[in-house]
Amino acid sequence: MIDTNVLISAALSARGMPARLVQLVLERGVLVFSQPTFDELKTRLYRPKFDTYINLELREAVLHDLSAAARWVAIGEPARYCRDRSDDMFIETALAARAGLVVSGDQDLLQALPIQGLRILNPQQALAEALA
């Protein structure tokens with residue numbers, strides 16, 4: 001499970017570390033979405049602040065391609081895991097998919113309470129682990 005900030009970073013810079021990580025996940029694993037996590041990605045990716053970095057056509061292509069490549073899971077109302085309640089959906093999505101891993105740059109997720117069977121790593125840690 002890769003959270004919104006990492007996916008947006010990957011979309012904005014094809015040469016960056018988040019893009020390398022997303023590419024590895026697409027090659028070796030499975031990208032996971034629930035409707036709430038995808039809706040957040042879609043909403044945030046269309047923010048005007050990204051207009052300088054990514055055009056409308058590329059945004060639509062990114063969303064289409066990620067959606068098509070992903071495994072989709074249904075989640076209910078997330079339990080409380082994080083300081084920021086809006087981040088709980090990422091943990092709930094990972095648990096529903098039995099993903100075992102959430103990759104995030106969000107400190108609220110990175111500092112979430114431990115959850116059995118789920119690790120939360122930042123992109124650098126996840127990429128280093130994937131390449132090891």
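**Helix packing and cores**

Mentor: Start with H2, whose buried residues pack against helix H1 (4–12), helix H4 (56–69), strand E3 (101–103) and helix H7 (123–131). Helices (H or I, at least four residues) and strands (E, at least two) are DSSP runs, numbered from the N terminus. This is a predicted model, in which local features need pLDDT of at least 70 and side-chain atom pairs count only at pLDDT 80 or more, while totals for chains, interfaces and linings use all residues. Residues are numbered from 1 along each chain as its sequence is written, and side-chain values use heavy atoms, with hydrogens and water left out.

Trainee: Which residues of H2 are buried?
Mentor: Pro18, Ala19, Leu21, Val22 and Leu24. Buried means under 20% relative accessible area, exposed over 50%, and partly exposed in between (1.4 Å probe, protein chains only).

Trainee: OK, cores. Which residues touch the most other members in the largest nonpolar core?
Mentor: Ile2, Leu7, Leu31, Phe33, Leu41, Leu45 and Leu66, out of 25 residues. H1, H2, helix H3 (35–45), H4 and H7 each supply at least two residues of this core. A nonpolar core is a set of buried Ala, Val, Leu, Ile, Met, Phe, Trp, Tyr and Cys residues joined through side-chain atoms within 4.5 Å.

Trainee: Where does the largest share of this core come from?
Mentor: From H1, with 5 residues. There is also a second, separate core of 13 residues, including Phe90, Val102, Leu118 and Ile120.

Trainee: What does Leu7 touch?
Mentor: Leaving out residues up to four places away in sequence, Leu7 touches Ile2, Val22, Leu31, Phe33, Leu41 and Leu66. Contact means heavy atoms within 4.5 Å.

Trainee: At what angle do H1 and H3 pack?
Mentor: About 45 degrees, with their axes 10 Å apart. That makes H1 oblique to H3. Axes are lines fitted to C-alpha atoms, for helices over the stretch in contact, and angles run from 0 to 180 degrees between N-to-C directions. Under 35 degrees counts as roughly parallel, over 145 as roughly antiparallel, 65 to 115 as roughly perpendicular and the rest as oblique.

Trainee: Which residues meet there?
Mentor: Thr4, Leu7, Ile8 and Ala11 in H1 meet Thr37, Glu40, Leu41, Arg44 and Leu45 in H3.

Trainee: Is Thr4 buried or exposed?
Mentor: Thr4 counts as buried because its relative accessibility is 4%.

Trainee: New topic. Where does Asp84 lie?
Mentor: In the loop between strand E2 (71–72) and helix H5 (88–97). Asp84 has 28% relative accessibility, so Asp84 counts as partly exposed.
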